[in-house]
Amino acid sequence: MTWDDGNPYVDRLTEGVHAYIQPDGGWMVNNCGVIVDGAGTAILVDTTSTERRNRAVLAEVAKVSTGAPRAVVNTHHHPDHTYGNGFLPAETLVIGHEKCRDEVLAAGLEATKVITAPDYGNLKLRPPEMTFNDRMTLHLDGFGVELRHAGRAHTSNDVLVWLPEQSVLFAGDLAFAGGQPFLLEGSVAGFKKAIAQMRDLAPAVLVPGHGPVVRDEQVTRLLDDLDGYVSYVAEVAAASHAAGLSPLEAAVKHRDNPYRTWAETERFVGNLHRAYSELSGNPIDTRLTVPSVWPDMVAFHGGPIACHA
């Protein structure tokens with residue numbers, strides 16, 4: 001199967017490394033990864049948003065590995081990447097950045113009250129049980145898996161999962177392929193720095209948090225596009241903030257923009273909220289939450305925002 005078929009599918013990236021890809025890549029519909037070593041031991045990258053979707057991931061993992069997954073790495077705290085933690089076997093260790101644990105606990109199941117359409121199943125909150133601050137390496141049979149905190153970008157706790165020997169990068173939501181990235185809980189300047197870090201790694205294969213896998217020259221093209229988008233947000237924010245427009249007014253004024261065909265255009269408003277906060281001189285860790293800006297995003301969208309999880 002492929003992205004255009006509209007159904008979740010497994011994309012084999014190289015020997016023992018797979019991506020679990022979920023179209024349409026919108027709200028609460030994310031990608032996961034599975035890394036299997038020569039002994040059959042599996043490490044997961046992220047979980048999913050609902051019980052049904054997570055059971056489908058585990059069924060695919062069981063086809064290429066033996067026993068329960070040794071661990072799952074959460075690339076950040078957002079619910080589409082962490083709600084499935086509670087459906088993993090008890091012996092599977094949950095690993096994430098130290099701020100990921102804090103944010104999972106702080107948010108709880110709040111997202112289910114904002115995005116109410118999915119049948120989430122019997123959710124049980126399970127934050128990371130092992131945390132790190134900057135870097136950590138997981139040593140599998142024959143190769144290492146590097147976990148790198150990318151700084152504040154999409155969130156405060158974004159982690160790049162890098163396989164140097166295989167030249168494969170699981171980027172989490174530091175990369176969206178086909179959809180607008182979301183900076184509300186992160187940083188405009190920080191997102192550009194994260195893009196630079198991904199460029200420096202020069203992966204042959206990049207798995208975005210949402211959207212199809214990109215390879216070779218597609219990687220450079222995607223990073224260029226994301227960099228251009230973030231620059232555009234910064235430019236619109238600077239001019240609109242100086243003109244006294246609200247983030248929603250600025251988004252409406254610039255609705256006909258070069259990125260209007262990218263999915264989830266309502267994120268443009270949330271991104272402007274973060275840019276305005278930075279332009280106002282607020283500390284970089286000033287908390288802006290999805291529920292607080294959701295009404296503006298709905299207004300820009302022109303009605304309820306669909307979720308196909």
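## Cysteines

C100 counts as buried, at 0% relative accessibility; buried means under 20% relative accessible area, exposed over 50%, and partly exposed in between, with a 1.4 Å probe and protein chains only. The structure is a predicted model, in which local features need pLDDT of at least 70 and side-chain atom pairs count only at pLDDT 80 or more, while totals for chains, interfaces and linings use all residues. Residues are numbered from 1 along each chain as its sequence is written, and side-chain values use heavy atoms, with hydrogens and water left out.

A disulfide is a covalent bond between the sulfur atoms of two cysteines. Here the term is applied to a pair of cysteine sulfur atoms within 2.5 Å, and a search of the whole structure finds 0 of them. For C100, the closest cysteine sulfur belongs to C32 and lies 14 Å away, which is too far for a bond. C307 is buried as well, with a relative accessible area of 14%. The sulfur of C307 is 15 Å from the closest cysteine sulfur, again in C32, and this distance is also too far for a bond.

## Helix α5 against helix α6

Helices (H or I, at least four residues) and strands (E, at least two) are DSSP runs, numbered from the N terminus. Helix α5 covers residues 188-201, and its axis comes within 10 Å of that of α6, with a crossing angle of roughly 165°. The two helices are accordingly roughly antiparallel. In this scheme, angles under 35 degrees count as roughly parallel, over 145 as roughly antiparallel, 65 to 115 as roughly perpendicular and the rest as oblique. Axes are lines fitted to C-alpha atoms, for helices over the stretch in contact, and the angles run from 0 to 180 degrees between N-to-C directions.

The crossing of α5 and α6 is left-handed; a crossing is left-handed if the near helix is turned anticlockwise from the far one by less than a right angle, and right-handed if clockwise. Contact means heavy atoms within 4.5 Å. On the α5 side the contact is made by V188, F191, K192, I195, M198 and R199, and on the α6 side by T220, L223, D224, L226, D227, V230, S231 and A234. By class, this contact has 8 nonpolar, 2 polar and 4 charged residues. Ala, Val, Leu, Ile, Met, Phe, Trp, Tyr, Cys and Pro count as nonpolar, Asp, Glu, Lys and Arg as charged, and the others, Gly among them, as polar.

## Helix α8 and its two partners

Helix α6 (residues 217-242) also meets helix α8 (residues 267-279): their axes come within 9 Å and cross at roughly 60°. The pair is therefore oblique, and the crossing is right-handed. From α6, the residues Y229, Y232, V233, V236, A237, A238, S240 and H241 meet R267, F268, N271, L272, A275, Y276 and L279 of α8. The classes in this contact are 11 nonpolar, 3 polar and 1 charged.

R267, F268, V269, G270 and H273 of α8 form the contact with V293, D296, M297 and F300 of α9. Its residues divide into 5 nonpolar, 2 polar and 2 charged.

A251 is found in helix α7 and is buried, with a relative accessible area of 0%. Not counting residues up to four places away in sequence, A251 touches F268, V269, L272 and F300. A251 and M297 are 46 residues apart along the chain, and their C-alpha atoms are separated by 9.6 Å.

## Loops and backbone geometry

The loop between β10 (159-163) and β11 (168-176) holds S167. Phi of S167 is near 55°, a positive value in a residue other than glycine, and S167 is buried at a relative accessible area of 19%. Q166 is found in the loop between β10 and β11 and is buried, with a relative accessible area of 18%. Leaving out residues up to four places away in sequence, Q166 touches T14, V17 and F143.

E264 lies in the loop between α7 (247-253) and α8. Although E264 is not a glycine, it has a positive phi of about 55°; at 16% relative accessibility, E264 counts as buried. The peptide bond from P23 to D24 is cis, with omega near 10°, and D24 is placed in the loop between β2 (17-21) and β3 (32-36).
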